[in-house]
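Me: Before we turn to particular residues, please take me through this structure by question and answer, giving the cut-offs behind each term as it comes up.

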Amino acid sequence: MQHPMLNIAVKAARRAGTIISRASLDIDTVKVSKKQHNDFVTEVDKAAEQAIISVLLEAYPDHAILAEESGEEHGNSDSEFQWIIDPLDGTTNFIHGLPYYCTSIALAHKGVVSQAVIYDPTRNELFTASRGRGAFLDGKRIRVSRRDRLADGLIGTGFPFRDLQGVENYLKMFGTMTEHCAGIRRPGAAALDLANVAAGRMDGFFEQGLNPWDMAAGSLLITEAGGLVGNYTGESDFLFEGEILAGNPKIYAQMVKLLEGYSLTKRPAPSAKSGTLSVSVEGSSQA
């Protein structure tokens, strides 16, 4: 039996997915605006986010919500429960008609991510996880891959599309990883990439320039599927540091050795508007 709060998250994700799927039938009519360089938002993102917020606050009016598109917190900012949501991760894919995007919803309790849902409306795949109860895809238990050599591994990543100042450094990192793995994929939706790592479809993932809503749900899926998540140096407090490294335990350890020198974690951490923003994922570990 699923946790009641996870059930509400699933309801919210499916409602957002319905909005996204309907809009995808006539993408040319969707209004698109730009938040910053290469960072787009559509009326669909906003409608999906409002649908999620409505479902969550109807069930739990005293909870806090950190939402991507509105750029603010909703509900009770003093609550020990905080929802972290990305209504449409992969907006650029969506507006180009590329069917690789998802809705991501996580719940943190006292600073620890405890519930996670990632819904892929294009494949009607539902990834869920509750802390200590495992990770699932459409109700079936999933595990990270068993590959033990990075040389045989398929690794996901994402390019620094917002801040192009990091491209040169990223290309060096990309080259390093390319030399040591079987292949690299950049599908364009970090949350869904992380879900696919949890399902064993990719062996690892790394990216910089991410926000908490890009990582929160996927990181819990991976740890509950037996994987590890951290920053490039293998430390667990990654969620507000803008970088993530994830994979099955053996691949993860090998990736840390290659990427730790590229870590940005020495920069000042982003300021948080409330104490509930200090979120972590139990199960993350240093290699």
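Me: Which residues form one aromatic cluster?
Reply: The model is a predicted one, in which local features need pLDDT of at least 70 and side-chain atom pairs count only at pLDDT 80 or more, while totals for chains, interfaces and linings use all residues. Residues are numbered from 1 along each chain as its sequence is written, and side-chain values use heavy atoms, with hydrogens and water left out. Rings of Phe, Tyr and Trp (its six-membered ring) pair if their centres lie within 6.5 Å, and planes under 30 degrees apart count as stacked, over 60 as edge-to-face and the rest as tilted. On that basis one aromatic cluster is formed by Phe159, Tyr170, Phe174 and Phe206.

Me: How many aromatic pairs does a search of the whole structure find, and why is the pair of Phe159 and Tyr170 edge-to-face?
Reply: The search of the whole structure finds 5 aromatic pairs. For Phe159 and Tyr170 the ring centres are 5.6 Å apart, and the pair is edge-to-face because the planes stand at 90°.

Me: Where in the chain do Phe159 and Tyr170 lie, and how many residues apart are they?
Reply: Helices (H or I, at least four residues) and strands (E, at least two) are DSSP runs numbered from the N terminus. Phe159 lies in the loop between strand 11 (154–157) and helix 4 (167–180), whereas Tyr170 lies in helix 4.

Me: Is Tyr170 buried or exposed, and what does Phe159 count as?
Reply: Buried means under 20% relative accessible area and exposed over 50%, with partly exposed in between (1.4 Å probe, protein chains only). Tyr170 has a relative accessible area of 2% and is buried. Phe159, at 33% relative accessibility, counts as partly exposed.

Me: Which residues of helix 4 are buried, and what arc do they cover?
Reply: Helix 4 has 14 residues and reaches 20 Å from its first C-alpha to its last, close to the 20 Å expected at 1.5 Å a residue, where the expected span is 1.5 Å times one less than the number of residues. Its buried residues are Tyr170, Met173, Thr176 and Met177. They lie on the same side of helix 4, because around the axis (by the directions from the helix axis to the C-beta atoms) they cover an arc of only 120°.

Me: What covers the buried residues of helix 4, and which exposed residues does the face turned away from its buried side carry?
Reply: The cover includes strand 11, strand 12 (183–185), strand 13 (204–208) and helix 7 (249–259). The face turned away from the buried side carries the exposed residues Glu168, Leu171, Lys172 and Glu179.

Me: Which residues does Ile251 touch, not counting residues up to four places away in sequence?
Reply: Ile251 lies in helix 7 and counts as buried at 0% relative accessibility. Ile251 and Ala151 are 100 residues apart in sequence, yet 9.3 Å apart in space, C-alpha to C-alpha. Contact means heavy atoms within 4.5 Å, and with that exclusion Ile251 touches Arg147, Asp148, Arg149, Leu150, Ile155 and Asp203.

Me: Which residues does the UniProt annotation "binding site" cover, and what is the largest C-alpha distance?
Reply: The annotation comes from an unreviewed UniProt entry and covers Glu68, Asp86, Leu88, Asp89 and Asp214; positions are in the numbering used here, feature names are shortened, and annotations may be inferred rather than shown by experiment. Although spread over 147 residues of sequence, these residues cluster in space, the largest C-alpha distance being 9.9 Å.

Me: Which residues does Asp86 touch, not counting residues up to four places away in sequence?
Reply: Asp86 is found in strand 5 (residues 81–89), and at 1% relative accessibility Asp86 counts as buried. With that exclusion, Asp86 touches Glu68, Cys102, Thr103, Ser104, Trp213 and Asp214.

Me: What is the phi of Lys110?
Reply: Most residues other than glycine have a negative phi. Lys110 sits in the loop between strand 6 (102–109) and strand 7 (112–120) and counts as exposed at 60% relative accessibility. Its phi is positive in a residue other than glycine, near 55°.
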